[in-house]
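Open the model in your viewer and keep the selection tool at hand. We will go stop by stop.

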Amino acid sequence: MLAPQLIGISIALPFIAAVLCLINVKPLRSALVIGTGVVVSVASLALVQSGAISFTPESFLGINPDGLIAILDFALLFVILGIAYRMKNKLIAVLTLLQIVPLAFLELFMNPGENMGPAIYVDQFSMIMCMVISIVGSLICVYGLAYMKEHEHHLKLATSRQGRFFFFMVLFLGAMNGLVFSNNLLWLYFFWEVTTFCSFMLIKHDDTEIAVKNATRALWMNMLGGVAFVLALVIFRSQGLPLSLQEIITAEPASKLILLPVGLLCFAGFTKAAQLPFQSWLCGAMVAPTPISALLHSSTMVKAGVYLVIRLAPAFAGTVFSNYVALFGAVTFLGAAVLALSQSNGKKILAYSTISNLGMIVACAGINTPAAMAAAVLLIVFHAISKALMFLCVGTIEQHIGSRDIEDMRGLINVMPRTTMVAVIGIVTMFLPPFGALLSKWMAVEASAHLPLVVLMLAVGSALTMVFWGRWLGLLMTSVVPDKAPLAESQPCLIRLPLLALAVAAVLISFVAPGLYSSMVLPVLERFYDTDLYIAARGVISNNIGMFALYPVFVVMTLGVIYAVRASSSKRLIKRGNYVTPYVCGLQDPGDSRKLGFKGPLGVWADFKTTNWYMESLIGESRITGWINLVAIGILIILLAGVF
Amino acid sequence: MDFKTISFVILAIILAPLAGGLLAGIDRRLTAWFQGRFGPPILQPFYDVIKLLGKEPQVVNYWQIFCVHIYLIASILCVALFAMQADLLMIFFVMTIGAVFMVVGALAVPSPYSQLGAQRELIQMLTYEPLLIIVFVGIYFVTDSFKIADILAYDRPIFLALPLLYLVLTFALTIKLRKSPFDISASHHAHQELVRGVLTEYSGPYLAILEIAHWYDIVLILAICSLFWSTSWIGLVILLAVTYMAEIIIDNVTPRMTWKWMLTYVWAVGISLSFFNMALLYAKSF
């Protein structure tokens with residue numbers, strides 16, 4: 001099939017399927033969600049076959065697409081205004097008006113279509129994004145089918161609200177696909193606002209007091225970004241520039257005039273990517289059902305923010321502004337990693353880890369070398385897969401054990417062996433070599449080496465990352481071997497399938513990372529950079545300053561894992577029941593040596609309990625968030641001042 | 001890969017544990033001498049490990065076995081990658097695999113001592129990891145590369161350009177060697193509050209494997225130290241001998257400290273030293 005048709009399917013099908021999901025019938029809904037997922041996934045894969053392509057669709061169902069988008073834009077903004085009115089929220093109302101008025105001015109008086117060029121521009125970067133959105137996003141939606149059934153069962157609702165739920169979930173995928181394919185900034189803005197609106201509706205899905213509160217916060221923070229976006233468009237037009245993303249990137253480098261609106265667009269990206277000090281909306285989004293968190297955190301929403309910043313990076317290459325962006329991203333990376341360290345709430349850890357990773361991606365865009373850009377694009381992919389996997393695991397675990405606290409996951413390997421093993425894969429692919437996330441981190445650190453302050457923050461942040469993942473990994477195993485084999489864990493098929501698919505993808509795509517880089521990332525980079533590019537040959541990724549021997553490490557560690565599994569499951573060495581109890585200085589129960597605990601003072605029996613140490617008193621969330629925000633706001637101000 | 005590289009790798013894999021064990025033996029002898037004792041034979045570490053290997057395996061759960069093997073393989077791989085003159089930063093990240101799994105193995109046992117030791121071990125890793133990255137970045141500043149092959153091709157001893165960063169590296173070495181004042185997660189002296197900390201629950205052949213992996217690690221860190229004077233064998237040997245001697249002396253004259261002191265002290269001093277050294281480099285380039 002031709003590329004334009006595939007692109008049309010990727011955008012339009014989710015929109016249509018979403019509307020049909022509103023017909024709240026279960027079999028239809030399942031068919032729609034699974035069917036749409038399969039079709040857009042296949043379309044995204046098929047799209048890779050074609051090269052970079054740009055075009056302007058002449059009409060959409062007989063309507064002029066520019067006009068359609070403009071109408072929908074205003075419709076959406078007025079819907080949000082209506083919501084603000086109903087919630088009596090002045091802030092959101094003002095922020096909406098601040099978008100409606102300039103946008104109307106722009107549409108009516110500033111001739112937005114001048115010298116537009118193609119409205120759709122698709123290169124390998126868009127294709128990568130499309131694959132992440134369509135495949136990972138769809139898997140999350142499919143998981144949602146099984147999850148929401150259980151979720152609503154607990155809530156004991158009279159009528160199911162899943163129709164609305166899947167309307168926004170599926171719509172989100174379409175909007176994201178539209179966002180990454182749009183070259184016309186007005187189109188991009190429309191899809192941008194759709195994702196803002198969808199995330200608001202999804203976060204408040206459960207309609208509890210806290211959900212509404214957090215959703216409102218997410219809305220105003222993202223609307224703030226929206227205002228910056230519209231403002232940037234107005235400034236572009238007032239300078240006589242076309243509202244075309246590619247025109248702006250390839251315009252005269254680093255001209256002062258262009259830097260201000262580009263800075264505003266980056267600001268919009270930062271709000272969407274929940275960079276410090278805007279992290280609170282993404283953490284607040286945790287109140288929503290887990291598929292929503294997974295969707296917002298991995299393949300959509302926040303990735304839209306970093307997508308825009310990466311897209312714009314060539315426009316500010318070599319400026320002071322660029323260095324500030326790097327610093328800003330590094331502060332987010334470090335700050336969020338510190339906050340993650342203080343958390344025992346599993347979803348919070350994942351949330352801060354997401355923000356931290358996004359910070360690294362933003363930092364890479366600021367470093368603005370080919371190595372850094374490669375790191376940024378690869379990290380988007382690998383982070384999306386592993387993070388989606390982790391969220392789905394935590395969701396499954398939470399529905400089973402009724403807690404998302406990682407302390408309650410101690411010894412989970414004996415309770416939910418299957419899910420735990422998948423979670424182990426998720427954690428390991430997140431922070432250890434030879435997996436992709438670490439490969440990107442390696443690239444980022446080497447690329448930042450000429451910026452001492454940035455590399456210092458990346459170094460400290462990456463050590464913190466290692467601590468909070470490492471101890472989570474460890475406590476999943478904390479157990480003594482039970483006398484009887486634990487019961488096999490039952491998993492519904494719609495839960496097992498996405499988990500397995502993502503786990504396999506996390507490992508497999510790390511393995512094909514060199515090929516992914518050569519075929520998908522390199523062509524994009526070659527447009528803007530001609531030196532210092534990474535070359536991937538025979539499984540080794542190298543440039544003039546470093547090389548990562550991916551395949552040797554992969555092969556040795558795979559053999560190592562096989563060997564270690566054989567060694568640890570060897571029947572010859574130890575039979576079940578032959579395991580010993582932990583050492584307690586000889587104070588164990590003399591009668592039953594398998595009993596955990598020891599005889600304390602005065603012969604009183606004491607069960608011991610160990611927990612991770614979260615350093616609440618030092619780096620507790622409430623204690624340091626204020627300071628971290630203060631630093632971030634400071635850098636943000638300097639950064640935005642850097643455009644002048 | 002040519003024949004020379006392969007033979008280097010094989011030699012490194014065979015010789016590294018021998019060198020590590022020998023070093024541990026010499027270390028014990030010298031320490032004994034400082035303390036006015038006679039000390040064990042130099043080959044005692046090998047006797048210990050051989051004896052441990054022959055013991056009956058005893059574990060609380062199978063994750064311990066899995067984790068020690070991963071630790072050993074990661075450590076061997078690091079040494080092999082060093083012999084292949086690969087990328088320093090990559091070797092560092094591969095080293096974290098081993099370090100993390102060693103901790104995971106300790107965390108896998110619900111024992112107060114190994115749990116506490118594991119938490120402390122994580123803080124030790126948190127302390128030295130950024131410093132190692134900074135040292136590698138410093139080396140990159142001087143040699144324009146992270147690849148060991150290029151670093152070896154640099155025609156002057158890096159030490160002369162990065163004396164302060166070398167000090168920073170020795171912090172990391174002290175922590176890795178589990179020497180005072182940084183032996184907070186597993187002391188050599190098994191008579192304190194956390195028994196042997198992170199190592200408490202490893203025993204018999206698995207403790208032996210851990211010991212061998214540890215030898216590989218030590219050799220790797222010393223090999224990184226040796227990069228600082230790679231232009232002459234004499235300079236290299238003197239540098240390493242002085243460094244190790246200093247480690248033993250510091251071990252004997254300092255008490256164990258708390259993790260908080262370690263983290264703040266090492267980060268503050270290490271990061272300041274690094275920045276002084278960087279400033280020095282910038283000043284020189286003008």
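How many Å separate the centres of domain 1 of chain A and domain 3 of chain A? Taken over C-alpha atoms, the two centres are 26 Å apart.

Before moving on, note that this is a predicted model, where local features need pLDDT of at least 70 and side-chain atom pairs count only at pLDDT 80 or more, while totals for chains, interfaces and linings use all residues. Residues are numbered from 1 along each chain as its sequence is written, and chains are lettered from A and ligands numbered from 1 in the order in which they are written.

**Stop 1: the domains of chain A**

Select 1-56 + 116-183 for domain 1, 63-115 + 185-272 for domain 2, and 317-579 + 611-644 for domain 3. These bounds come from an automatic or database domain assignment. Now look where domain 1 of chain A meets domain 3 of chain A: 15 residues of domain 1 are in contact with 20 residues of domain 3. Contact here means C-beta atoms, placed from the backbone, within 7 Å. The domain 1 side has twelve nonpolar, one polar and two charged residues. Nonpolar covers Ala, Val, Leu, Ile, Met, Phe, Trp, Tyr, Cys and Pro; charged covers Asp, Glu, Lys and Arg; the others, Gly among them, are polar.

**Stop 2: a helix pair**

Select H14(A), residues 320-341, and H25(A), residues 621-641. Helices are DSSP runs (H or I, at least four residues), numbered from the N terminus. The two pack at about 175 degrees, with axes 10 Å apart. Axes are lines fitted to C-alpha atoms over the stretch in contact, and angles run from 0 to 180 degrees between N-to-C directions. H14(A) is therefore roughly antiparallel to H25(A), a term for angles over 145 degrees. Among the residues that meet are Phe321(A) and Tyr324(A) in H14(A), and Ile624(A) and Leu639(A) in H25(A). This contact divides into 16 nonpolar, three polar and one charged.

**Stop 3: Ile349(A)**

Ile349(A) sits in helix H15 of chain A, residues 346-367. Is Ile349(A) buried or exposed? Ile349(A) counts as buried because it has 22 C-beta neighbours inside 10 Å; the cut-off for buried is 20 or more other C-beta atoms within 10 Å. Show its contacts, including Ile406(A), Phe468(A) and Trp472(A).

**Stop 4: chain B against chain A**

Show both chains. Their contact takes 53 residues from chain B and 53 residues from chain A. On the chain B side, H5(B) gives the largest share, 14 residues. That side divides into 39 nonpolar, nine polar and five charged residues.

Conventions
Contact = placed C-beta atoms within 7 Å. Parallel < 35°, antiparallel > 145°, perpendicular 65-115°, else oblique. Buried ≥ 20, exposed ≤ 12 C-beta atoms within 10 Å, placed from the backbone. Lists of a residue's contacts leave out its neighbours within four places in sequence.
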